[in-house]
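Have your viewer ready and try each task before reading on.

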Amino acid sequence: MLELYISYLRDQGKAENTIISYTNDLHCFFEQMGIQPDEYVTAADIRKWIGKMINPVDEKPLATATINRRLNALRSFYEWAVANTETSHNPMANIKDVKTADEDSEKIMWLTEEEFAELLYIIRKKPVKSRGVDKEE
């Protein structure tokens, strides 16, 4: 099935670098997840893969742009597979791109100076149960 998809990309006139990137990204998914391209893949499989890319065990996390490029490769592959009846479902249907911290910053609620002062006051009033730390610190 993967070879058919790569042929499809060539027939569509995609740039050779795009084809190479998509091929590498797809191989990466299937190898890391221990799945064959023609096996049934679930959204949970893809979310697990995303987690592995964001929080790898023994290497540096991938950049958000790299993760999203890999997800786009999978999205394109499964859209093609469904359209060409190679599979009956698209596991990427509800998978969204990974957001950067900047995209989430709009949702961050910052404390005003008054709210911060009130928070410090409440914290300082509470008895400190620690290992000898000066409560003024």
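**Exercise 1.** Among contacts in the protein chain between residues at least 6 apart in sequence, what percentage join residues at least 24 apart?

*Solution.* A contact means heavy atoms within 4.5 Å. Among the contacts between residues at least 6 apart, 55% link residues at least 24 apart. Please note that this is a predicted model, where local features need pLDDT of at least 70 and side-chain atom pairs pLDDT 80 or more, while totals for chains, interfaces and linings use all residues. Residues are numbered from 1 along each chain as its sequence is written, and side-chain values use heavy atoms, leaving out hydrogens and water.

**Exercise 2.** Decide whether Phe116 is buried or exposed, or in between.

*Solution.* First, find Phe116 in helix α6 (residues 113-125). Next, recall the classes: buried is under 20% relative accessible area, exposed over 50%, partly exposed in between (1.4 Å probe, protein chains only). Phe116 has 46% relative accessibility, so Phe116 counts as partly exposed. For the whole chain, 29% of the 137 residues count as buried.

**Exercise 3.** Find the aromatic cluster.

*Solution.* Pair rings of Phe, Tyr and Trp (its six-membered ring) whose centres lie within 6.5 Å. One cluster is formed by Tyr5, Tyr8, Phe29, Phe30, Trp49, Phe77, Tyr78 and Trp80.

Definitions and conventions
Helices (H or I, at least four residues) and strands (E, at least two) are DSSP runs, numbered from the N terminus. Rings of Phe, Tyr and Trp (its six-membered ring) pair if their centres lie within 6.5 Å; planes under 30 degrees apart count as stacked, over 60 as edge-to-face and the rest as tilted.
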